[in-house]
Amino acid sequence: MQHQSKLPNVGTTIFTVMSALAKENNAINLSQGFPNYPSSEKLNSLVFEAMKNGYNQYAPMAGNLDLRLAITNKYNLLYKSTYHPDTEITVTAGATQAIYTIISAFVKQNDEVIIFKPAYDCYQPAIEVNGGKTISIQLSAPNYSVNWDEVASKISLKTKMIIINTPHNPSGTVWSKADMLQLQKLTKDTNIIVLSDEVYEHIIFDGESHNSICMFSDLKSRSFITASFGKTFHNTGWKIGYCCAPEDLMNEFRKVHQFNVFSVNHPMQKGIADYMKDAETYLGLNDFFQQKRDLFLSLISESRFKFTPSKGTYFQVLDYSEITDEHDVDFAKRLTKEFKIASIPMSVFNEQGKDDKVLRFCFAKTDETLVKASEILCKI
C-alpha cells in the first residue's frame, strides 16, 4: 500500500535546491533571502537578558504582551493606524506560519483564492492542501504591473481571498496608492478576505513610502497583514513574525493558531519587544539596504546583465537575455557550478513556468560579498 500526502506533486523548494548547490560548489550564495552578517549584539543581549529574567516558559497564545504593544506603537507611528494589542495582533512562528494559518482558517473546499505571479512559493500549496483553487494572475517583467481589469474578470462568487505582497518578492516592485485603491474598490461590499504579505515593509527605496493595507479603511476591515521580524532584524533563523487583523477575523485565526503552534519562542519575543523601544531599529532600514542595492548595481553596471533598480525588498532582478537563451533554471544552475555564484530562477514563481530570462539575486550581504559577487557577474 502506498500513501500520498495532500500535496503529492510538490517537490523540494528552489531555495533548498539552489542553496545546496551553492554549498556543494563552494559558490557565493545570493539565492536564498538571508543576510550573511550578524544579528544586532544589542538585540542578542536583550534576548539573553530575557532568558536570565525567566522568560523561558510558554508565552501567551497571542504573544508576549510587551511585543504586541510594541507592534501597536509601530502601526500608530508609521501608518496612523491602530491595532488593539489584546484582540487584533498575534505573534507567529514567522510570516509563513501566519500565512498558512490564515489560509487554513478560512479557505474551504472549492473556494477560490487569487494570487499574483511571480508569487512567493508558500501561497499556492497552502491553498491546495486546504481544498481551495488557486486563480493566478501573471505579472510580466520588467515592470510587473497589475492589470486591474484582469483582476476584476477573475473575481467570482467563489472568490474567498486575494493574496497580495508588497514590497514584492521576488520582483522587488512595490504597489502604489492607486493599486491599493483599485483593490479596495473591487473588494468593497464583498465577503472577500485580503491577505497582505508585508514582510519587507521597512525596505523601500528612493524616497518611496510603503502603502500598507491598514492605511485604507475599507480594506483594513477585511484584511490580514503578515510581517516578519526575521526580515526586519537580520535573523531569519529565529522564525518570529506576526499578523494583524480586525477582531472578528483575528478571533477565527486564533482558533486555528492555538492548535497549530499555540505560542512561539518567548525570550526572543521579549528581547525584540525591548529592542523596538527605539524606533530607529526599524526606521533606518531603508537607508541601510539602499546603500547595499546601490553598491551592488554600481558594481555590475558594466556587466551584460540588464536591470531596473529594485524598489523594495533586498532582492534585485537581473535580465540575462543578452547573454544566453538558456532556460533560467538551467542558467542559474550553470552559474552556480561554473562561475560559483548562486541565484534564483524566476520562472519557478510564474504560472506554467513562464521564462522571462531573469534571475533574482539577494543583496542582503556584506559589502565584501557583494564586491566578490559583482566581479564574477561582470565576467559572464
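**A sheet and the helices around it**

Let's start in the sheet. Strand 6 (residues 193-197) and strand 7 (residues 223-228) run parallel, joined by four bridges. D197 has T226 of strand 7 as its bridge partner.

A word on the source. This is a predicted model, where local features need pLDDT of at least 70 and side-chain atom pairs count only at pLDDT 80 or more, while totals for chains, interfaces and linings use all residues. Residues are numbered from 1 along each chain as its sequence is written, and side-chain values use heavy atoms, with hydrogens and water left out.

Terms next. Helices (H or I, at least four residues) and strands (E, at least two) are DSSP runs, numbered from the N terminus. Two strands pair if DSSP finds at least two bridges between them.

On to helix 7 (residues 177-187). Which residues are buried there? D179, M180, L183, Q184 and T187. Buried means under 20% relative accessible area, exposed over 50%, partly exposed in between (1.4 Å probe, protein chains only). Seen down the axis, the buried residues fall within an arc of 140 degrees, so they line one face of helix 7. That arc is taken from the directions from the helix axis to the C-beta atoms. On the other side, K177 and K185 are exposed.

After helix 7 comes D189, with a positive phi near 60 degrees.
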